[in-house]
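In these entries I record what I looked up, beginning with a helix contact and then turning to charged pairs.

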Amino acid sequence: MILVLNIKGKTWRNFPKYYKSIFYATLCNGLYYYLCKRFLVWEFKPDGIDWRILRGLHMFVVTPLLILLFLSKFPKSFTQQIIHIIKWVFGSSLFEYILAKRNMISFKHGWNIFWSGLLYLKMYLYSFLFIKRPLFTTVLSLSSVLFFIKRFNVPLNKRLLKGPMFFLFRKKQFN
C-alpha cells in the first residue's frame with residue numbers, strides 16, 4: 001500500500017531532496033534492532049516469513065517509503081505542518097493498533113500503542129527537523145535513545161557486542 005501511494009504521488013522525484021532524512025530514519029530503525037536485538041519491545045510476528053527478511057523490509061523499504069511520502073506532502077504553513085504531523089502519527093498508530101489486534105505485531109516489556117504513537121511522533125518530527133538542523137536532531141535522537149533504554153530497562157552488556165558490527169574487535173584465537 002505504501003509503495004502504491006509513493007508511486008501515485010510521484011515521490012521518487014523528491015528523493016534527492018530528502019535522502020539524508022530517509023537515511024537518518026533508516027539508521028535509527030537499525031539502531032533499535034541492534035541495541036534491542038535480545039530485548040525487542042515490539043516485534044512483527046513473521047507467520048511463515050523469515051524474521052530477518054521481515055525486519056529488512058521494514059528497515060529498508062517500509063520506513064524509507066513512509067518518510068519519503070510524509071516529507072513529500074509536508075505543507076508550508078506552521079498550522080498545516082502541525083495538522084500533517086498529527087494525521088501521520090494518528091494514522092500510523094491506528095495501522096499498528098490494527099496489526100496488534102490481528103496478532104501480527106506483539107508488544108513486550110511494557111511497550112504499548114501509546115509508546116508507538118510517541119515513537120511515530122519522534123520519527124516524523126525528527127525526520128523533518130533533520131533537514132533543517134541535523135546536529136540538533138541527532139542530539140535529540142541520542143537523548144531519546146537513552147530515555148528509552150532507561151525507561152524499558154534494555155540490558156546493555158557484553159552480549160551486545162556480538163554481531164556483525166563488531167567482528168573487527170573480537171580477540172584473535174591462537175593455537
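**Entry 1: Contact of two helices**

I first looked up which residues meet where helix 3 and helix 5 touch. On the side of helix 3, I listed Thr 63, Leu 66, Ile 67, Phe 70 and Leu 71; on the side of helix 5, I listed Met 123, Tyr 124, Ser 127, Phe 128 and Ile 131. By class, this contact has 8 nonpolar and 2 polar residues, and no charged ones. I note that the model is a predicted one.

I then looked up the geometry. Helix 3 covers residues 51-72 and helix 5 covers residues 113-132; their axes come within 10 Å and cross at roughly 65°. Angles of 65 to 115 degrees count as roughly perpendicular, and helix 3 and helix 5 are therefore roughly perpendicular to each other. I recorded their crossing as right-handed.

**Entry 2: Salt bridges**

How many salt bridges does the structure hold? I found 3. As background, I noted that side chains of opposite charge can pair when their charged atoms come close.

I looked up the pair of Glu 43 and Arg 55, whose side chains meet in a salt bridge at 2.5 Å, N to O. Glu 43 belongs to strand 1 (residues 42-44) and Arg 55 to helix 3, so this pair ties together parts that are 12 residues apart in sequence. Are these two residues buried or exposed? Buried means under 20% relative accessible area. Glu 43 has 19% and is therefore buried; Arg 55, with 15%, is buried as well.

Next I turned to Lys 108, which forms a salt bridge with Glu 43, the closest N and O atoms being 3.4 Å apart. Lys 108 is found in the loop between strand 2 (105-107) and helix 5, whereas Glu 43 is in strand 1, so the pair ties together parts that are 65 residues apart in sequence. I recorded Lys 108 as partly exposed, with a relative accessible area of 33%.

My last pair was Asp 50 and Arg 52, which form a salt bridge with their closest N and O atoms 3.1 Å apart. Asp 50 is partly exposed, at a relative accessible area of 30%. Arg 52 has 54% relative accessibility and counts as exposed, because exposed means over 50%.

Terms used
Residues numbered from 1 in each chain as written. Predicted model: local features only at pLDDT ≥ 70, side-chain atom pairs only at ≥ 80, totals over all residues. Heavy atoms only, no water. Axes fitted to C-alpha atoms, helices over the stretch in contact; angles between N-to-C directions. Helix = DSSP H or I, 4+ residues; strand = E, 2+ residues; numbered from the N terminus. Parallel < 35°, antiparallel > 145°, perpendicular 65-115°, else oblique. Left-handed = near helix turned anticlockwise from the far one by under 90°. Contact = heavy atoms within 4.5 Å. Nonpolar A, V, L, I, M, F, W, Y, C, P; charged D, E, K, R; others polar. Salt bridge = Lys/Arg side-chain N within 4 Å of Asp/Glu carboxyl O. Buried < 20%, exposed > 50% of the residue type's maximum accessible area, 1.4 Å probe, protein only.
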